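Student: Could we go through this model together, setting each term against its definition?

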Amino acid sequence: MVLDAAKGFFPTFFFPALALGLLGEVPEFAQPWLAPGVAFGCIAGHVYPVYLRFKGGKGVATSLGVLLALAPKVVGFGAAVFFLTVLISRYVSLGSVLAALAVGFGAWLINSGEGTFPTNLFIAHVGGLVIVKHRSNIARLLKGTEAKFGQKVETEPVVGEEEEQ
């Protein structure tokens, strides 16, 4: 999780300044879009990696790293929602989905005075992507079959394996 968060944080935090230094003059209208653009690339590369046939992770940890670089106060809001949800319900997936919603709203409520429009717009969409990637978890939550935190998950034996006696 730490490495996934780091691969979102470091490029988002450092690359826009590096790009401005290397490219010289970037048009002023494009500058607010640099960090969200890099952040998008980090998350898209994690969620849809070319080398894994576009079947990657759900993007929660990488989004966390990106958000730490773009809007740390929003992360605190999302983390509070996540931990309270998991503490009360013991469903990590529900915590992730509600935290994604909270981050989207938090971008406009908390970050609106500090963040740029492109950053806040991006953060709201990141929450939507995390929710979309949790479709199977949401279906299991609605059916009542989602595993709770700390609960042992029972798996069915693979066809063709002999049972041990």
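Predicted model: local features only at pLDDT ≥ 70, side-chain atom pairs only at ≥ 80, totals over all residues.

Tutor: Residues are numbered from 1 along each chain as its sequence is written, and side-chain values use heavy atoms, with hydrogens and water left out.

Student: What makes the pattern of the chain α-α-α-α-α-α-α?

Tutor: Helices are DSSP runs of H or I with at least four residues, and strands are runs of E with at least two; the chain has seven helices and zero strands, and read along the sequence this gives α-α-α-α-α-α-α.

Student: Why is a set of 17 residues called a nonpolar core?

Tutor: The name applies because its members are buried (under 20% relative accessible area) Ala, Val, Leu, Ile, Met, Phe, Trp, Tyr or Cys residues joined through side-chain atoms within 4.5 Å. Among the 17 residues of the largest such core, Ile43, Val66, Leu70, Phe122 and Ile123 touch the most other members. Helix 2 gives the largest share, six residues.

Student: Which residues does Phe122 touch, leaving out those up to four places away in sequence?

Tutor: With contact meaning heavy atoms within 4.5 Å, Phe122 touches Pro36, Ala39, Phe40, Ile43, Val66 and Leu70.

Student: How many charged residues does the lining of the largest pocket have?

Tutor: With Asp, Glu, Lys and Arg counted as charged, the lining has no charged residues, alongside 14 nonpolar and five polar.

Technical notes:
Buried < 20%, exposed > 50% of the residue type's maximum accessible area, 1.4 Å probe, protein only.
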